[in-house]
Amino acid sequence: MSGRRIGFWYRMAAVLCKPPLVVLFKRDWHGMEHIPADGGFITAINHNSYLDPLSYAHFQYNTGRVPRFLAKAALFRGGFVGTMLRGTGQIPVYRESTDAANAFRSAVDAINKGECVAFYPEGTLTRDPDMWPMRGKTGAARVALLTKAPVIPVAQWGANEAVPPYAKEKRVRLFPRKTLKVHAGPPVDLSEYYGQEPTAEVLRAATDTIMDAITELLSEVRGEQAPVQRYDRPTRSGTDGPPLPLADEESK
């Protein structure tokens with residue numbers, strides 16, 4: 001299957017979002033040729049601004065392959081945003097509940113149907129002081145190893161200059177006009193992990209491989225050398241969870 005058709009709600013979102021993005025921002029897009037023309041696949045994207053999901057969605061919408069994001073379940077609870085998320089087929093994540101694993105099952109189902117599922121492996125906006133990708137969570141790797149679907153790394157920069165994360169002053173900085181940079185790379189080679197038991201070590205290694213690809217792309221986009229050590233924010237458990245089969249994964 002070629003994947004999800006661009007239906008009414010996605011077209012509606014494009015009608016609402018594309019004009020201001022085109023008018024207010026310049027674009028620097030590269031790597032559209034790496035987005036598969038058909039079949040299921042994963043995109044793994046860095047996250048440094050509340051604006052960058054729109055920037056990335058604009059990029060991929062123009063390839064003809066629409067993404068399904070994993071988003072917090074609270075965003076689906078009514079209102080215009082909830083209606084749009086449900087209508088466009090985004091996947092709710094019920095954090096720290098017995099329903100958390102359903103997001104990963106839904107992601108696997110979507111990929112097996114030939115769709116694209118977009119992961120932010122960091123799980124949240126980066127806390128790295130210099131806006132480099134943080135240590136990733138293992139969800140994208142789990143889904144990738146189960147489905148063996150291509151994983152396309154995507155690096156973004158520029159949205160953070162217009163809408164800085166964690167800024168003390170909650171305002172949008174539109175001028176001078178910012179450039180939204182979105183660069184997709186070739187599929188990440190995870191073949192060495194296929195067929196292995198999904199232990200914590202294997203999942204961590206596969207996740208690090210994905211994050212390395214994203215960071216390398218971002219280094220090219222920024223024209224800067226990435227730090228050798230990846231920022232790792234403290235967590236309550238200090239781990240990504242036990243080495244369970246994907247069907248038992250709980251979203252962090």
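**Before you start**

What you have open is a predicted model, in which local features need pLDDT of at least 70 and side-chain atom pairs count only at pLDDT 80 or more, while totals for chains, interfaces and linings use all residues. Residues are numbered from 1 along each chain as its sequence is written, and side-chain values use heavy atoms, with hydrogens and water left out.

**Stop 1: the whole chain**

Show the protein chain as a cartoon and you will find seven helices and seven strands. Here helices (H or I, at least four residues) and strands (E, at least two) are DSSP runs, numbered from the N terminus. Followed along the sequence, the pattern is α-β-β-α-β-α-β-α-β-α-β-α-β-α.

Now colour by accessibility. Of the 252 residues, 50% count as buried; buried means under 20% relative accessible area, exposed over 50% and partly exposed in between, with a 1.4 Å probe and protein chains only.

**Stop 2: the cysteines**

Select Cys17 and Cys116. Cys17 is partly exposed because its relative accessibility is 28%, whereas Cys116, at 1%, is buried. A search of the whole structure for disulfides, meaning pairs of cysteine sulfur atoms within 2.5 Å, finds zero.

**Stop 3: helix 5 against helix 7**

Select residues 139-147 (helix 5) and residues 200-222 (helix 7). Their axes come within 8 Å and cross at roughly 100 degrees. The axes are lines fitted to C-alpha atoms, for helices over the stretch in contact, and angles run from 0 to 180 degrees between N-to-C directions.

Show side chains next: helix 5 brings Ala141, Arg142 and Leu145 to the contact, and helix 7 brings Val202, Leu203, Ala206, Thr207 and Ile210. By class, that is six nonpolar, one polar and one charged residues. In this scheme Ala, Val, Leu, Ile, Met, Phe, Trp, Tyr, Cys and Pro count as nonpolar, Asp, Glu, Lys and Arg as charged, and the others, Gly among them, as polar.

**Stop 4: the nonpolar cores**

Select Phe119, Val143, Val151, Leu190 and Ile210, the residues with the most contacts inside the largest nonpolar core, which has 29 residues. Such a core is a set of buried Ala, Val, Leu, Ile, Met, Phe, Trp, Tyr and Cys residues joined through side-chain atoms within 4.5 Å. Among the elements that each supply at least two residues are strand 2 (41-45), helix 4 (101-112) and strand 5 (116-119). Helix 7 gives the largest share, seven residues.

Centre on Val151. Leaving out residues up to four places away in sequence, Val151 touches Ile42, Ala44, Ala144, Pro186, Pro187, Val188, Leu190 and Ile210. A second, separate core of 15 residues includes Trp29, Tyr56, Ala57 and Phe69.

**Stop 5: helix 2**

Select residues 52-61. Eight of the ten residues of helix 2 are buried, so this helix is largely enclosed by the rest of the structure. Among the buried ones are Asp52, His58 and Gln60.

**Stop 6: Glu122**

Which is Glu122, buried or exposed? Glu122 is in the loop between strand 5 and helix 5, and it is buried because its relative accessibility is 1%. Its C-alpha atom is 9.4 Å from that of Ala44, 78 residues apart along the chain. Beyond four places in sequence, its contacts include His47, Trp132, Lys137, Met211 and Arg233.

In the loop that also holds Met131, between strand 5 and helix 5, look at the backbone: phi of Met131 is near 70 degrees, a positive value in a residue other than glycine.

**Stop 7: back to Leu174**

Leu174 is in the loop between helix 6 (159-162) and strand 7 (179-184). With a relative accessible area of 22%, Leu174 is partly exposed. Leaving aside neighbours within four places in sequence, Leu174 is in contact with Leu24 and Phe25. Finish on the peptide bond between Phe175 and Pro176, which is cis with omega about -5 degrees.

Definitions and conventions
Contact means heavy atoms within 4.5 Å.
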